[in-house]
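Please read the following report alongside the sequence and the coordinates.

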Amino acid sequence: VLFRSPNAAPFIAKYSEENQEKLTVTNDATLTYRLLGESEDRTAEGTASIQAGEVTQPAGIKIEKYMRGDGAARPYAKEAYADDPIQGPATFTITHQAAGSAATLYVKPGDTYEKLDGNTVTINPNGSGSANGTDGSLTVYLDPGTYVVKETGWPDNSEKITGGSQNANDKTCTVAAGEVKTASFYNKERL
């Protein structure tokens with residue numbers, strides 16, 4: 001016998017919620033019946049338990065920062081730019097495309113998602129903090145949707161590239177749950 005409660009809502013935790021443990025659902029059942037030709041009722045009892053619940057998956061945007069000098073573009077990372085004249089943060093804001101409102105951003109430093117203050121992140125080889133990437137990239141997590149990533153500040157002694165396919169123009173990213181899209185930004189050295 002399968003019984004489903006018509007009023008039961010599924011237990012779904014959002015990826016950003018602190019408690020993402022599954023619930024233990026226990027069902028105790030007592031069945032009273034009488035066999036054909038008998039005058040006494042019989043009773044059968046049973047208990048069943050299951051783990052119920054699921055956790056939604058976030059969408060992600062990986063922001064990459066590159067610098068173009070005399071040769072090929074290279075990641076704006078600590079290994080390449082620790083003691084370089086090009087210094088300081090590359091700053092990015094992320095907004096919802098339709099409303100233009102600030103996106104709610106999370107990072108995942110371990111097993112859980114940490115909410116960031118505001119919708120601005122940085123890539124800075126010599127920077128620190130959870131809203132900063134030091135290896136030339138930073139992945140942020142957010143609700144599925146369409147977002148605009150905009151470079152709003154760039155490192156000293158560099159300037160945005162606005163033409164060609166490798167540029168620092170605004171990037172529009174449509175991301176689904178469980179999906180990570182990449183938004184790459186290119187600057188050129190100005191030395």
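Predicted model: local features only at pLDDT ≥ 70, side-chain atom pairs only at ≥ 80, totals over all residues.

Residues are numbered from 1 along each chain as its sequence is written, and side-chain values use heavy atoms, with hydrogens and water left out.

**Overall form**

The secondary structure of the protein chain amounts to 1 helix and 16 strands, these being DSSP runs numbered from the N terminus (helices H or I of at least four residues, strands E of at least two). Its radius of gyration is 26 Å, well over the 16 Å that the globule rule gives for 191 residues, so the chain is more spread out than a compact globule; the radius is taken over C-alpha atoms, and the rule is 2.2 Å times the number of residues to the power 0.38. Along the principal axes, the C-alpha atoms fill a box of roughly 100 × 30 × 30 Å. Of the 191 residues, 32% count as buried, where buried means under 20% relative accessible area, exposed over 50% and partly exposed in between, with a 1.4 Å probe and protein chains only. Among contacts (heavy atoms within 4.5 Å) between residues at least 6 apart in sequence, 66% join residues at least 24 apart.

**Strand β7 and its partners**

Strand β7 (residues 90-96) is mostly covered, since 5 of its 7 residues are buried. Pairing requires that DSSP find at least two bridges between two strands. By that rule β7 pairs in the antiparallel sense with strand β10 (residues 120-123) over 4 bridges, and also in the antiparallel sense with strand β13 (residues 145-153) over 6 bridges. Thr93 has Thr120 as its bridge partner in β10 and stands opposite Lys150 in β13.

**Aromatic pairs**

Rings of Phe, Tyr and Trp (its six-membered ring) pair if their centres lie within 6.5 Å, with planes under 30 degrees apart counted as stacked, over 60 as edge-to-face and the rest as tilted. The count by this rule is 6 aromatic pairs, among them the two tabulated here.

| Pair | Centre to centre | Angle between planes | Class |
|---|---|---|---|
| Tyr15 and Tyr106 | 5.5 Å | 80° | edge-to-face |
| Tyr113 and Tyr141 | 5.3 Å | 75° | edge-to-face |

Tyr113, in the loop between β8 and β9 (114-115), is 28 residues from Tyr141 in strand β12 (residues 137-142). Tyr15 is buried at a relative accessible area of 2%, as is Tyr106 at 9%; Tyr113 at 18% and Tyr141 at 19% also count as buried. Tyr15, Tyr106, Tyr113 and Tyr141 form one aromatic cluster.

**Single residues**

Lys171 lies over the face of Phe185, at 4.8 Å from the ring centre; a charge sits over a ring if NZ of Lys or CZ of Arg is within 6 Å of the ring centre and within 35 degrees of the ring normal. Asn187 lies in strand β16 (residues 180-189) and is buried, with a relative accessible area of 0%. A polar contact of 3.4 Å joins its side chain to that of Ser158, the term meaning a pair of N or O atoms within 3.5 Å; within protein, one must be able to donate a hydrogen and the other to accept it, and residues adjacent in sequence count only if both atoms are side-chain atoms. Not counting residues up to four places away in sequence, Asn187 touches residues including Lys65, Tyr66, Trp154 and Ile161.
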